[in-house]
Amino acid sequence: MHVGYARVSRMDQELLLQLDALTEAGCIKIFEEKISGKDRSRPELDEMLKMLRSGDTVVVWKLDRIGRSTKHLIELMEYFEANEINFISLKENIDTSTAVGRMLFHIMAALAQFEREMIQERTQAGIEAARARGRNGGRPRKNDAAVQRAIKLYKSEQYSGVEIEKMTGVSRSTLYKRLKEKNN
């Protein structure tokens, strides 16, 4: 049985393009989700994985519709392979029921991993170059006068962390961090 999975990241986006493609590909059942791909919990994906049986084929419009990351995609492929479930990605022309499809999937996954690592290397190089010029990045430290006022209010034990945050504009996490620094 061909089972489709369609996902968009936001509630205001439409699934129609994916649904049409999955229907045309012969999907009997299509699981639809409007949720970010980065979310670990995707109820429809989980439901689909529970119902799949040996010999079924999962069909998606594009690889990025089903996997959170390259690692997640590979984990899904390993699950499919272990349970004798085929996988088809329409846009990338991948069909793991064929040797070429399995090879192509692994090559694309490796390229995606390579791209992510290159981005990380360039980001790290940029951070190091900025540090060499005296810029450390991150948020600027909160105004010391506001922090001192927040500490004074905290020590008075008359106000909650939420009240202090509203009065001074100093977040509770900053307040507690600075209190901890003073105690060390």
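Predicted model: local features only at pLDDT ≥ 70, side-chain atom pairs only at ≥ 80, totals over all residues.
A strand is a DSSP run of E with at least two residues, a helix is a run of H or I with at least four, and both are numbered from the N terminus. Two strands pair if DSSP finds at least two bridges between them. Strands of a sheet pair through backbone hydrogen bonds, either parallel or antiparallel.

Strand β1 (residues 2-8) runs parallel to β2, and six bridges join them. Y5 has F31 in β2 as its bridge partner.

Residues are numbered from 1 along each chain as its sequence is written. Local features need pLDDT of at least 70 and side-chain atom pairs pLDDT 80 or more, while totals for chains, interfaces and linings use all residues, and side-chain values use heavy atoms, with hydrogens and water left out.

Next come two helices. The axes of α6 (residues 161-168) and α7 (residues 172-183) come within 9 Å and cross at roughly 105°. They are therefore roughly perpendicular, the word for 65 to 115 degrees; under 35 counts as roughly parallel, over 145 as roughly antiparallel, and the rest as oblique. In this contact, G161, V162, I164 and E165 of α6 meet R172, L175 and Y176 of α7.

The largest pocket has a volume of about 390 Å³. A pocket is an open set of points on a 1 Å grid over the protein atoms alone, where a 1.4 Å probe fits, with protein on both sides within 12 Å along at least five of seven lines; lining residues have an atom within 4 Å of a point. Points are joined across faces, edges and corners, and the volume is the space filled by probe spheres set on them. Of its 20 lining residues, D64, G67, R68, S69 and T70 are closest to the centre. Helix α4 gives the most to this lining, with seven residues.

How values were computed: Axes fitted to C-alpha atoms, helices over the stretch in contact; angles between N-to-C directions. Contact = heavy atoms within 4.5 Å.
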